[in-house]
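I'll jot down what I looked up as I go.

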Amino acid sequence: METLRFKTNIKCGGCVATVTPFLDKETSVEKWQVDTANPDKILTVEGNAVNGGEVIEAIEKAGFKIEPLK
């Protein structure tokens, strides 16, 4: 299982609800969550063959900013 982390501007439950359909349709993503309490709004994505580019594209399509964490 691979884990990727991203800094986002997903800041509330409504924002999470907006991105849910976009992330849920990514077949490589098995589990994800956003830590809205963290100042950097960290999105953690888990899956066997998670493609960071696809995750970034999905979040941007939903209308949010995202950047990979090192």
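I started with Phe6 and looked for its bridge partner in E4, which turns out to be Pro68. This is a predicted model, so I'm reading it as one. Next I checked how strand E1 (residues 2–8) pairs with strand E4 (residues 66–68): they run antiparallel and share 3 bridges.

Then I looked at E1 and E3. That pair is antiparallel too, with 6 bridges. In E3, Gly47 is the residue standing opposite Glu2.

On to helix H1 (residues 13–24).

Which residues of H1 are buried? I found Cys15, Val19 and Leu23. They cover an arc of only 60° around the axis, so they sit on the same side of H1. I also looked up what covers the buried residues of H1, and the list includes E2, E3 and helix H2 (52–61).

Last entry: Lys41. I found this residue in the loop between strand E2 (31–35) and strand E3 (42–47). Lys41 is buried, yet I could find no salt bridge for it. The nearest side chain of opposite charge belongs to Asp35, 7.4 Å away. Skipping neighbours within four places in sequence, I noted the contacts of Lys41, among them Phe6, Ile10, Val34 and Thr36.

Terms used: Residues are numbered from 1 along each chain as its sequence is written. This is a predicted model: local features need pLDDT of at least 70, side-chain atom pairs count only at pLDDT 80 or more; totals for chains, interfaces and linings use all residues. Side-chain values use heavy atoms; hydrogens and water are left out. Helices (H or I, at least four residues) and strands (E, at least two) are DSSP runs, numbered from the N terminus. Buried means under 20% relative accessible area, exposed over 50%, partly exposed in between (1.4 Å probe, protein chains only). Lys and Arg count as positive and Asp and Glu as negative; His and the chain ends are not counted. A salt bridge is a side-chain nitrogen of Lys or Arg within 4 Å of a carboxyl oxygen of Asp or Glu. Contact means heavy atoms within 4.5 Å. The arc is that of the directions from the helix axis to the C-beta atoms. Two strands pair if DSSP finds at least two bridges between them.
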